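Colleague: I have a few questions about this model. Can we take them one by one?

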Amino acid sequence: MVETPAGHRQTSRRISRRGLLAAGGVALGAGIGALAVGTASAGTGATGTASAAGGPALPRSPRFALDAPGHVLWRDKPLFNNTVLQALAFDNTRDELYTVQLMQGGQQLPGEDAPVAGAIRDLHGDMCLTRLDSTGTVLGHMFLTGFGHGVQIGVEPSPNGAYLWTETKAIADDGKHGWGSVLGRFPFVDGAILTPDSPSLRQYAPVPGADRTTASTDPVHDTITMRHRVDGHFRYALYLLPQLRAGVVKPIAEVAQPDVLATDFQGYATYGRYLYLIEGNAFGHTGSDRPTGNTVVTRVRWTDGVVEGRQLMTVANDMRFREPEGMAIQVGPGGAPRLAFGFAETISDTDSHKIATVCYLDQLTG
């Protein structure tokens with residue numbers, strides 16, 4: 001946990017849940033200290049382009065203070081299917097949370113001849129989606145077969161429920177993991193099993209030739225971010241969510257993934273005109289030692305791709321496993337925005353069954 005330096009100006013931004021539902025998702029379709037703070041670009045790979053002249057402007061917003069104290073939303077909760085948390089996203093209109101995980105080894109779905117090993121599930125891109133309430137209690141689930149690895153997901157609330165944005169049409173180009181090749185949007189239906197060909201799934205491919213596609217939604221500013229790979233390089237494109245949903249593929253901003261990332265990439269989120277990235281490894285990996293670990297959050301400006309800061313996250317550092325997994329924007333009590341991120345954990349030192357913890361930052365500056 002890091003103490004906020006004196007002099008930080010905290011900016012308040014309050015958003016009502018009813019306002020969120022009215023603004024978006026209504027039109028329904030089928031450490032210790034900063035690691036590297038500065039204003040220099042993170043290298044030639046981090047340049048970005050803002051919205052084109054005459055196009056939609058980037059939303060104005062304050063920044064999350066990365067060096068502010070972190071907080072725990074809830075701790076050590078099991079997810080449906082008993083596998084490792086991969087990503088998370090909030091339905092802020094209902095105080096609910098969705099997580100995605102790889103499907104458990106030994107799971108047998110209707111129509112399958114026998115239980116399927118975990119490595120095969122991973123290769124095929126078979127995932128489990130869990131719906132939880134604000135305390136981390138499981139409310140329902142779905143199975144997504146042939147979708148991908150679950151690096152990041154987004155939620156689009158609607159009056160009748162929630163739509164999920166995920167990767168889909170998995171391709172195992174590395175021979176080990178299935179990675180999504182396009183984006184998919186579908187309604188949550190408890191107990192349903194989807195494939196890339198399911199009628200309720202709508203597919204989007206806004207960047208021709210891209211792969212490793214994932215999505216993250218900003219519920220406050222009604223945008224959606226797509227991380228994707230082109231010619232071996234990862235990039236991020238920011239869209240107005242209603243426009244992308246309607247088929248408009250021109251982003252309002254685009255940046256390259258900065259070169260400063262040093263460990264395993266684990267998720268991302270956008271709040272206004274800032275992109276946040278999380279990376280790190282579980283305790284025991286090289287460079288991730290108790291109690292500090294190596295979980296780092298990076299803040300990037302959408303206007304030009306400049307890396308503004310990198311911060312080691314030490315919240316909830318008494319875990320046994322503590323692997324960072326996923327980011328999302330939560331609208332907390334009173335309408336205050338939060339930058340949330342998850343950790344995968346084990347039940348005990350001798351039991352490797354996985355549980356999840358969700359933490360957040362809530363101080364704004366600038």
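Modeller: A term first: a polar contact is a pair of N or O atoms within 3.5 Å, and within protein one must be able to donate a hydrogen and the other to accept it. Bear in mind that the model is predicted.

Colleague: With which side chain does the side chain of Gln101 make a polar contact?
Modeller: The cut-off is 3.5 Å. The pair here lies at 3.1 Å, and the partner is the side chain of Thr130.

Colleague: Which backbone oxygen does the side chain of Gln101 reach?
Modeller: Gln101 is found in strand E5, residues 96-102. Among its contacts beyond four places in sequence are Leu79, Phe80 and Asn81. At 2.7 Å, its side chain reaches the backbone oxygen of Phe80.

Colleague: Is Gln101 buried or exposed?
Modeller: Buried means under 20% relative accessible area. Gln101 has 0% relative accessibility, so it counts as buried.

Colleague: Which strands stand at the edges of the open sheet of 4 strands?
Modeller: The order is E8-E9-E10-E12, with antiparallel pairing. Each edge strand has a single partner strand, so one side of each is left without a neighbour in the sheet; these are E8 (154-158) and E12 (202-204).

Colleague: What does the twist average from one strand to the next in that sheet?
Modeller: The strands in question run in the order E8-E9-E10-E12. From one strand to the next, the twist averages 25 degrees.

Notes:
Residues are numbered from 1 along each chain as its sequence is written. This is a predicted model: local features need pLDDT of at least 70, side-chain atom pairs count only at pLDDT 80 or more; totals for chains, interfaces and linings use all residues. Side-chain values use heavy atoms; hydrogens and water are left out. Two strands pair if DSSP finds at least two bridges between them. Helices (H or I, at least four residues) and strands (E, at least two) are DSSP runs, numbered from the N terminus. Axes are lines fitted to C-alpha atoms, for helices over the stretch in contact, and angles run from 0 to 180 degrees between N-to-C directions. Buried means under 20% relative accessible area, exposed over 50%, partly exposed in between (1.4 Å probe, protein chains only). Contact means heavy atoms within 4.5 Å.
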